[in-house]
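I opened the file today to go through confidence, sheets and helix packing. My notes follow in the order I looked things up.

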Amino acid sequence: MSERHAIVVGSQCISLPSQPLTFLPGRASDLFDVLVDPDLGACDPAASTLLIDPTTSEMVAAVQRSVASASESDAALLVALIGHGHVPEFGPADQLFFLTKDASVPPTSHAGYHIAQNLIDSLRLDGSAGVTGVLLIIDTCYGGVGAAEVMNGLQTIAASADISLEIAGATFDQVAIDGCFSNSLVELLRSGHQAPIEHFSVRDTSNWAAQICTAQEEPVHLAFARGRLLPMGDPGLWIAKNKKYNQQPGGLLGGMQELAISSTFYAPTTALEDVVEAADSGGCVLIVGTSGSGKTTLFSALAAPEKAPGIIPQSFLNAAAFCSKSSTVETLCDVLVAQLSNSHSFLLSSASYQDARSETEYALESTFLARVLGPLLDSVEQDPATPPVRIAIDAVNLLAPSDLTEVLSTVIDNQARLNDSSLTVILSTTAEADLVTNFPALRVVYSRDPTSDEIAVYLRSRGLPSKLVAAVTEAMGQCSWMQLSLLADELLRREAAALRAVRSLDEMYELMLADLTSNDALAKAAVEVMAVGTKSASVPSDIARRAVEVVLEQSVTLAAWRSVLAKCGSLIVRRSAGTEGEQIGLLHDSLSAFLIASMDEATVHSAFLATASIGAEPGLARDYWEVSLIEHLWGAGAYHEALAAVRESLTQRPGDNLPKLRRWITRAGSVLGEFDTEMIELQTAVANQYGMAGAVDMAVTELSELLERLSAEYGAHDEMTFSTRYSISHWLIELGHFEEAMHWLKALLRDQTVFYDPKSGEVLVTKFAIATARLGVGDSGARDDLVELIAEFPEGSEDNLNGLRWLSAAKNNEAYARAQSGDLKGALSTFRELLGDQLELGLSASDRDVMLTRNNIAQMYQDLGQLDLSLAENRLLVADRTDALGERDPDTLVSLNNLAASYFLLGHFGTARQQFWTLYQTKLEVFGPRRQSTHYTLENLISCINKDRTTAVTELRALRSAISELPLSASCCLEFVDAAQSKGLDSGILQ
């Protein structure tokens with residue numbers, strides 16, 4: 001979908017010797033260079049053509065070749081014509097010829113390029129089925145005449161071939177002066193613009209040219225897709241990237257297209273002034289309004305001061321996040337931290353905030369406090385001279401109740417500190433959520449519907465004629481900002497009379513959707529897929545297209561897909577339109593709700609799941625499935641699979657996992673009931689998270705409460721009851737309460753032997769746990785009992801091998817206990833004994849557990865300072881694990897990490913850097929960029945870079961984007977800053 005080809009033609013005309021175009025051929029060459037620049041126009045240089053002073057036949061042949069090439073490659077085609085234009089005085093009206101080198105004046109079909117006819121013939125004759133769009137730029141006199149003629153002529157072809165069309169003419173029916181249009185275009189594309197625009201569209205460049213080329217008539221802009229004129233154009237048919245898009249102050253706009261989209265036509269209101277005033281000092285401000293009343297647009301404007309000069313100070317917001325129905329505290333924190341990491345002081349305070357707390361305290365602290373609010377408060381309190389800091393979260397009412405309570409309770413609990421600081425938290429919610437009543441301590445600003453004066457100002461800003469503005473304002477009455485925005489879009493392309501009966505947002509949706517989907521099954525399926533897919537995240541365009549194919553049970557070409565997205569117009573949001581990274585979604589949650597109310601949602605969820613195989617590849621697809629898989633499973637009715645995926649998605653930090661688990665316990669309980677097996681698994685996972693955080697007593701308490709409920713429901717001898725009793729024993733052992741654990745385990749064993757075979761796996765597990773507890777109290781006979789248990793099973797059987805592993809685990813625990821007590825030599829000796837026992841008892845040298853023991857031996861060598869021995873063992877382990885398990889197996893990756901660490905500790909920083917770099921690239925492919933394991937390797941790599949002064953600047957640049965996009969630790973970011981600055985490179989994460 002990202003393929004782009006270009007053909008740029010610049011030509012003098014021999015028949016006009018007194019009218020040479022002095023800006024040619026330079027202007028054509030400059031535009032071509034911009035279009036094939038991978039950082040700007042991104043057109044394929046090998047498939048693009050620069051044509052200077054061609055004859056008519058040469059130009060016809062070149063355009064035909066370009067069309068054929070674009071069709072074969074499923075590419076968009078950019079055609080730019082710079083030169084003389086001529087409208088013959090006689091013959092059919094409104095014909096525009098591009099005067100080639102050999103053109104006559106007046107031109108003929110053989111001595112001049114009739115733009116409309118020749119381009120139509122090229123598309124018709126050479127086949128345009130694969131062309132995903134045509135963008136035509138005409139910088140000639142009378143260019144608008146040609147644009148209109150081409151649009152009229154190509155609509156028939158485009159409608160049948162699903163080609164989106166966009167055309168710009170330097171003027172309409174007057175002369176163009178000195179190539180000003182193409183000159184302004186080249187200058188804009190080369191320099192970029194501070195406006196929050198990711199890609200420059202034809203419309204953007206036409207508006208820019210109108211401001212620059214004041215000596216000539218304004219440019220003409222036309223766009224068309226699937227039988228519909230597009231006043232705003234097709235975002236997928238952009239001319240070039242905005243090189244300044246990712247250089248916005250504070251790092252806000254570059255990463256959040258919502259801001260640009262929501263505030264494009266913003267007209268300042270009194271509510272905006274009220275918010276700015278309320279947020280001038282520390283505290284919390286709550287923006288309240290009905291759905292569609294402009295809260296998100298107001299939020300977006302706060303991050304774009306140029307939308308309201310004199311009202312919004314520069315860099316007013318430091319970070320902003322926009323909620324959807326499946327946003328969580330964790331995802332909000334990811335977004336906010338990524339933006340706040342632009343500040344050196346935030347990185348420092350994040351590191352010191354974590355250092356000041358115990359591991360258990362930090363692990364169990366609420367996510368919003370630990371990752372965002374706590375470090376921010378510390379930062380502004382430690383330095384009173386710090387400029388005001390403001391963060392904003394839009395539509396908090398869309399959060400799950402537990403997440404909403406966490407955010408608001410955290411704010412309220414710290415209200416006194418906020419009021420005394422320069423930190424302001426801005427939240428928005430619908431009036432229906434009634435947060436004002438529940439949290440009366442918050443300062444409230446009401447976002448209301450527009451007044452008649454504000455309606456008029458807004459409609460004029462959209463370019464509507466004054467008479468129409470006056471008529472609409474008089475007839476409109478009360479409406480929401482959302483309704484007004486959609487109304488303006490419709491007025492730009494249809495008669496006002498068709499909209500007179502529209503009095504509500506739902507009526508507006510009904511009208512627009514009926515017009516969009518009438519006799520167009522593809523458009524109907526597209527908006528329904530987006531309604532379901534964007535409940536959890538913006539959908540990668542290719543995933544949405546594949547889901548639509550499943551719904552329709554037919555293939556959808558890229559050209560058809562691009563044209564239907566263009567046709568959807570203002571009803572959808574498109575990020576990185578027309579690229580491989582395009583993501584799409586509906587305009588507003590209210591539109592999703594409107595669509596879902598009348599469709600079979602489960603069928604669409606199932607269609608998404610049918611495309612899930614593409615999620616295995618790194619990139620946007622994988623990112624989407626990591627966020628959305630659970631929602632699609634749940635929506636398709638695969639409840640148990642969804643809850644299993646919840647458990648698989650847990651991270652290393654219990655403080656993040658506990659809210660997620662409790663959220664799903666609440667949500668799933670109403671569907672599956674409290675005692676469903678997966679529900680029991682979730683409740684057990686809650687206890688395990690407490691245990692993993694070091695709060696083992698809380699784990700035992702949670703499990704004891706669960707056991708009480710299970711016993712009351714199923715009795716003491718149910719399988720789930722047995723499992724919970726065993727889990728309590730496990731955590732009692734972790735607490736060091738061995739005697740109490742043995743009491744529980746012996747009672748469990750007694751009950752199990754009534755219901756299970758004495759040699760069953762369940763009984764054996766309990767027996768081994770008893771032996772482990774006996775080892776904990778110093779019972780030397782426990783190991784012999786374990787050996788006897790193993791001997792009861794045939795050698796090589798599954799139970800026999802499991803027994804050997806359990807025996808290994810017991811010895812392993814003994815070795816770990818010695819290591820934790822500081823007896824490293826004793827631990828090394830025990831691990832060596834274990835290795836001998838494993839081999840003697842029949843485990844092969846390539847067995848995972850045997851290699852794990854070797855890994856532990858290497859670790860003991862390292863901890864004892866015997867680094868050469870550790871390095872040698874890690875080298876052997878890398879080779880053996882690669883042979884036995886494969887190069888991408890998690891255990892192999894652990895050994896690769898340990899080998900790199902050995903080189904680092906020995907001071908071989910260059911070798912360590914190379915090892916960590918290779919490992920990092922592998923983990924990106926295997927796990928993706930957001931897994932904790934990948935983060936750890938990246939942090940290790942940055943530590944090496946900071947030590948190794950031979951690091952190439954190109955490596956630092958490659959890492960810079962990863963650092964700025966991922967929620968890495970503050971200390972890691974600071975190390976990168978040091979490394980980058982040592983090379984004289986802007987770190988990209990500092991203000």
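Predicted model: local features only at pLDDT ≥ 70, side-chain atom pairs only at ≥ 80, totals over all residues.

**Entry 1: confidence**

Next I took the overall figures. The protein averages a pLDDT of 82. I noted that 85% of the residues score at least 70. Which element has the lowest mean pLDDT? I found helix α7, residues 257-262, with a mean of 39. At the other end, strand β2, residues 49-52, has the highest mean, 98.

**Entry 2: the three-stranded sheet**

I moved on to an open sheet of three strands. Its order is β4-β5-β6, and the pairing is antiparallel. Strands β4 (85-86) and β6 (113-114) stand at the edges. Each has a single partner strand, so one side of each is left without a neighbour in the sheet.

I checked how β4 is held to β5 (residues 97-98). Two bridges join these antiparallel strands. Which residue of β5 is the bridge partner of G85? I looked it up: the partner is F98.

**Entry 3: the five-stranded sheet**

I then traced an open sheet of five strands. I wrote down the order as β14-β15-β16-β13-β17, with parallel pairing. The edge strands are β14 (319-322) and β17 (443-446), and each pairs on one side only. From one strand to the next, the twist averages 15°.

Strand β15 (residues 389-394) and strand β16 (residues 423-430) run parallel and are joined by five bridges. I picked out I393, whose bridge partner in β16 is L427. Helix α13 (residues 367-382) packs on the sheet and touches β15 and β16. The direction of α13 makes about 155° with that of β15.

**Entry 4: α13 against α14**

I stayed with α13 and looked at helix α14 (residues 401-413). The axes of α13 and α14 come within 10 Å and cross at roughly 55°. The two helices are therefore oblique to each other. The crossing is right-handed.

Which residues make the contact? From α13 I listed T367, F368, L369 and L373. From α14 I listed E406, V407, T410 and V411. By class, the contact has five nonpolar, two polar and one charged residues.

**Entry 5: α32 against α33**

Helix α32 covers residues 738-755 and helix α33 covers residues 761-776. Their axes come within 9 Å and cross at roughly 160°. Over 145° counts as roughly antiparallel, and α32 and α33 are therefore roughly antiparallel to each other. I noted the crossing of α32 past α33 as left-handed.

I listed the contact residues here too. On α32 they are F738, M742, L745, K746, L748, L749, Q752 and T753. On α33 they are E762, V763, T766, K767, A769, I770, A773, R774 and G776. How do the residues of this contact divide by class? I have nine nonpolar, four polar and four charged for α32 with α33.

Conventions. Residues numbered from 1 in each chain as written. Heavy atoms only, no water. Axes fitted to C-alpha atoms, helices over the stretch in contact; angles between N-to-C directions. Helix = DSSP H or I, 4+ residues; strand = E, 2+ residues; numbered from the N terminus. Parallel < 35°, antiparallel > 145°, perpendicular 65-115°, else oblique. Left-handed = near helix turned anticlockwise from the far one by under 90°. Contact = heavy atoms within 4.5 Å. Nonpolar A, V, L, I, M, F, W, Y, C, P; charged D, E, K, R; others polar. pLDDT = per-residue confidence, 0-100. Pairing = 2+ DSSP bridges.
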